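Let's take a walk through this model together, starting with one whole chain and ending at a single residue. Keep the structure open beside you as you read.

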Amino acid sequence: MLRDAWLVAGKDLRMEVRTRVGLGQVVPFAVLVLVLFGFALDPDRGILEAATPGLFWVTVLFAAVLGVQRAYAVESAEGVRDALRLSSLSAPGVFLGKTLAIAVQLVAVEVALGVGVVILYGADPGGWVLLVGSALPATAGIAAAGSLYGVLAVGLRVRETLLPLLLLPVLAPVLLAATRAFEAALDGSPADGWPWAGLLALFAVVYVGCGIGLYGTVLEES
Amino acid sequence: MTSVIHLRDVVALLGGFPALTGVDLDVSAGELVALVGANGAGKTTVLRLCAGLVPVASGTAQVLGEDLGRNARAVRSRVGLLGPSGGLYDELTASDNLRFFARASRVDLTDVERAAERFGITGRIGATPVGRLSTGQRRRVALASLVARRAELWLLDEPHAGLDAEGRDLLDSVVRSAVAAGATVVIASHDLDRTEGLGCRHVTLAGGSVTHGGDHAA
Amino acid sequence: MSIGNEQTAGTAPTVPGQSAPTGHRSTSSPLTRVLGIIVVLCIPLVVWLSFVATPPDRVQGESVRLLYVHVPSVTVAYVACFVTFVSSIMWLWKRSEWWDLVGSSAAEIGSVFTALTLVSGMIWGQITWGTAWEWDPRLTSTLFLFLLLVGYQALRAASPDRSARSRRSAVVGLLLVPNIIIVNRSVEWWRSLHQDATLFRTDLDFRIEGLMLFTWMFTTAVGMVLLVWLMFHRFRVGWLANRVEEQQLSEAVAARRAEATS
């Protein structure tokens, strides 16, 4: 299973290195959203500063929807689905591989956004231990849920519109918890943030578990 | 002779369309069979069904001794399918594609390298993303991947299309050596000269069922 | 699934629970008629109980009457959601058409009750709190339940063939309950850090007396009968739709085959 996961993740990341869709399009999109928030919420009135954690994670969710869509678009090419089903890859392995590749790309988005909020919104990255400690489980949870809901929309004509409808309500608790954890970190009161990081870890565990258990059901269909 | 494909009154649906409307087909081990018929007759669906990729809506379907209705998964790893588009990632290079599918199918990497060499996928072609290769070159990549798989049952969908004369001869020799090695080969083709040259038994399909030559007695 | 040619066109298929094919294609049976009559007879009683027989609340006044709709509908909505959850698990285990239809019927009717809960809750909130929306954990969870049920139905509507539809919606149906629990817990935790005044807890802690309690329980019971009644009909509509689909397919198979041999 882990061998298959590495294989699939390596393949996806190799594709990303070749095409640079994530780095060249999704990351700039995410930074653009930050700039747009700056226009919408007047930077001089302190709203932007107060809302920084929330805006950061809302942007991550939007980027995640795009990343998941991209991750499954490459698999839906004519004949590729057949070739994959004829291979001996295990479904949990494919799930973990897709999740890992999405997570790696999300980390790149988060790093770019982190630099963005420091420069554009004047955020002070104080409690970075909590920032990293909550961002990692949040990313794992988003990637796992995205990978599971992404495969549910594969092959449907309306997949671009259906995926956000299915995925964003599910990710709402991640937004809530990650935002609270970031608020605590930026306020300099990390003790308030760690329970939220724990909730994020729980979410990630639930979705990695559900993905391992349920992914095959969707894949085996003809 | 052991039966490799045994289909009785098989109906298959593709997105609500009755692609197969009652197919009867028998293929024995080591046979070379050509499926012929007009576009839309159901040739591709027969091949994909035999690969365990299309669900059997009704009828009996046994491939390589497994019941497709119950155990399609067991069949999938033992067949090789060459589809019209090759089933390759456009974004990856030819050699990356070969390596990925070899690892994913538990195929020995040295086998893949040997096959790649045989089909001329080396050097610059090997390092080119598949999306930028010509149709014939893509087909060669897909063929190399198929040969390395050492499948018991080969299902080839229009394999000659898009290949140059040299490529077609190469393909024929590959098919002959596969049969000599004990594999069973089913080819869907419009190129009757080629399939006759290979000595195939011809099976005619129309309207999603076999109209001529379905069982070997015929 | 049998798509074979044994099914002849023209005969009305039998609906599960009905003894014989009904001449007029209907989804009713003696049982659903009884359930329907119970609902129809009980609704005037519910109206009388909640508007006439019960007194206005000391604190909330007349607006308490909205809760006679709100609380039963939320109960029915969550029961329906739970039925979908259980049916999804059962489908993944048994892979039967029956569980697929039970799950999807419950989800569809559940989303109507969820919408009713939200609307009645917001009207009540407007009167009592002065705002239609409070980030109360229960109300927020119900909104998310509604969104998740909308997604479930959108996924079903978007899936062209039956096997993909059952399979994918069973996965989404199974995830309904964990999702709602996570949303509820996180919102509750979040709100508890800011304010502690939520519904039914502090300042609105009114006494539930005999007749009020009875009205609540009675309305909830009627809501449950209504759910079961609607589910029977929805199940049978879905079941007949599947039969029509099969019949059309077998006709298409025959037509395509005839075309080939002519």
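Chain A has a radius of gyration of 18 Å, which agrees with the value near 17 Å that a compact globule of 222 residues would have. That radius is taken over C-alpha atoms, and the globule rule is 2.2 Å times the number of residues to the power 0.38. Along the principal axes, the C-alpha atoms of chain A fill a box of roughly 55 × 30 × 30 Å.

A word on the ground rules: this is a predicted model, in which local features need pLDDT of at least 70 and side-chain atom pairs count only at pLDDT 80 or more, while totals for chains, interfaces and linings use all residues. Residues are numbered from 1 along each chain as its sequence is written, with chains lettered from A and ligands numbered from 1 in the order in which they are written.

What is chain A built from? Its secondary structure comes to eight helices and zero strands; here helices (H or I, at least four residues) and strands (E, at least two) are DSSP runs, numbered from the N terminus. Buried residues account for 53% of the 222 residues in chain A. Buried means that 20 or more other C-beta atoms lie within 10 Å of a residue's own, exposed means 12 or fewer, and partly exposed is in between, with C-beta atoms placed from the backbone. Now count contacts, meaning pairs of residues whose C-beta atoms, placed from the backbone, lie within 7 Å. Of those in chain A between residues at least 6 apart in sequence, 84% join residues at least 24 apart.

Next, hop across to the neighbour. The contact between the two chains takes 25 residues from chain B and 19 residues from chain A. On the chain B side, β6 (79–82) and α3 (94–104) are the elements giving two or more residues, and α3(B) has the largest share, with five residues. That side has twelve nonpolar, six polar and seven charged residues. In this scheme, Ala, Val, Leu, Ile, Met, Phe, Trp, Tyr, Cys and Pro count as nonpolar, Asp, Glu, Lys and Arg as charged, and the others, Gly among them, as polar.

Chain B also meets chain C, with 15 residues of chain B in contact with 14 residues of chain C. The side of chain B that touches chain C has six nonpolar, nine polar and no charged residues.

Staying in chain B, look at helix α4 (residues 109–118), whose buried residues are B:Val112, B:Ala115 and B:Ala116. They cover an arc of only 100 degrees around the axis, so they sit on the same side of α4(B); the arc is that of the directions from the helix axis to the C-beta atoms. These buried residues pack against α3, α5 and α6 of chain B. On the face turned away from the buried side you'll find the exposed residues B:Thr110 and B:Glu117. Just after α4(B), B:Gly120 takes a positive phi of about 70 degrees.

Finally, find B:Gly131, in the loop between α5 (123–126) and α6 (135–149) of chain B. Why does B:Gly131 count as partly exposed? Because B:Gly131 has 15 other C-beta atoms within 10 Å. Leaving out residues up to four places away in sequence, B:Gly131 touches B:Asp90 and B:Glu91. B:Thr93 is 38 residues from B:Gly131 in sequence, yet the two are 8.3 Å apart in space, C-alpha to C-alpha.
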